Amino acid sequence: MSPKKAKKKEGASSNVFSMFEQSQIQEFKEAFTIMDQNRDGFIDKNDLRDTFAALGRLNVGNDELEEMLKEAPGAVNFTIFLTMFGEKLKGTDPEETILNAFKIFDPEGKGVLKGDEIKYHLMSQADKFTEDEVNQMFSNFPLDVAGNLDYKNLCYVITHGEDKEQE
């Protein structure tokens, strides 16, 4: 490989690492390590099958696994894995941007919004949610006993994938 090509490849991989914070890269590395069942540094069809089995889904077809692997430009090592997540997450707003959008409805900065008010706004403004979409959101992020939505936790889950309390 010519030095020029090597530099280009190196630059491409460093860009993907700059897309994420160090803590996010560590989380992706942990996920990759869990999925790389045979510990060879690559996620292949058998690794995917084993990962699905560990999650309780035992009858994943070869076609489905092959479709997943076709999304990658080559063998799925950690850099490719991270690149694929970067492409999927491209356009996702950072946590602070999402928080600021919710803060418009929370001038006192309590960190919670009245469930009925946020439902009204989601169903009547901009890209209107349907009743089913709002109900699905509330089933995934239930209101507290006072009927409030903890939007700070919701924003964290949207951008990090798990509740803060689980950490």
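In this predicted model, helix 7 (residues 115-124) packs with helix 8 (residues 131-140) at an angle of about 140 degrees, and their axes lie 10 Å apart. Because angles over 145 degrees count as roughly antiparallel and 65 to 115 as roughly perpendicular, helix 7 is oblique to helix 8. The crossing of helix 7 past helix 8 is right-handed. On the side of helix 7, the residues that meet helix 8 are G115, I118, K119, L122 and M123; their partners in helix 8 are E131, V134, N135, M137 and F138. Sorted by class, the contact of helix 7 with helix 8 comprises 6 nonpolar, 2 polar and 2 charged residues.

Helix 3 (residues 45-54) and helix 4 (residues 62-70) cross at roughly 115 degrees, with axes that come within 10 Å. Here again the crossing is right-handed, with helix 3 passing helix 4. Helix 3 contributes K45, L48, R49 and F52 to the contact, while helix 4 brings N62, L65, E66, M68 and L69. By class, the contact of helix 3 with helix 4 holds 5 nonpolar residues, 1 polar residue and 3 charged residues.

The protein chain has a mean pLDDT of 81, and 84% of its residues reach 70 or more. Over residues 1-14, however, the pLDDT is below 50, and this stretch has 3 contacts in the model beyond near neighbours in sequence. Where pLDDT is low, predicted coordinates should not be read in detail.

How values were computed. Residues are numbered from 1 along each chain as its sequence is written. This is a predicted model: local features need pLDDT of at least 70, side-chain atom pairs count only at pLDDT 80 or more; totals for chains, interfaces and linings use all residues. Side-chain values use heavy atoms; hydrogens and water are left out. pLDDT is the predictor's confidence in each residue, from 0 to 100. Contact means heavy atoms within 4.5 Å. Axes are lines fitted to C-alpha atoms, for helices over the stretch in contact, and angles run from 0 to 180 degrees between N-to-C directions. Helices (H or I, at least four residues) and strands (E, at least two) are DSSP runs, numbered from the N terminus. Angles under 35 degrees count as roughly parallel, over 145 as roughly antiparallel, 65 to 115 as roughly perpendicular and the rest as oblique. A crossing is left-handed if the near helix is turned anticlockwise from the far one by less than a right angle, and right-handed if clockwise. Ala, Val, Leu, Ile, Met, Phe, Trp, Tyr, Cys and Pro count as nonpolar, Asp, Glu, Lys and Arg as charged, and the others, Gly among them, as polar.
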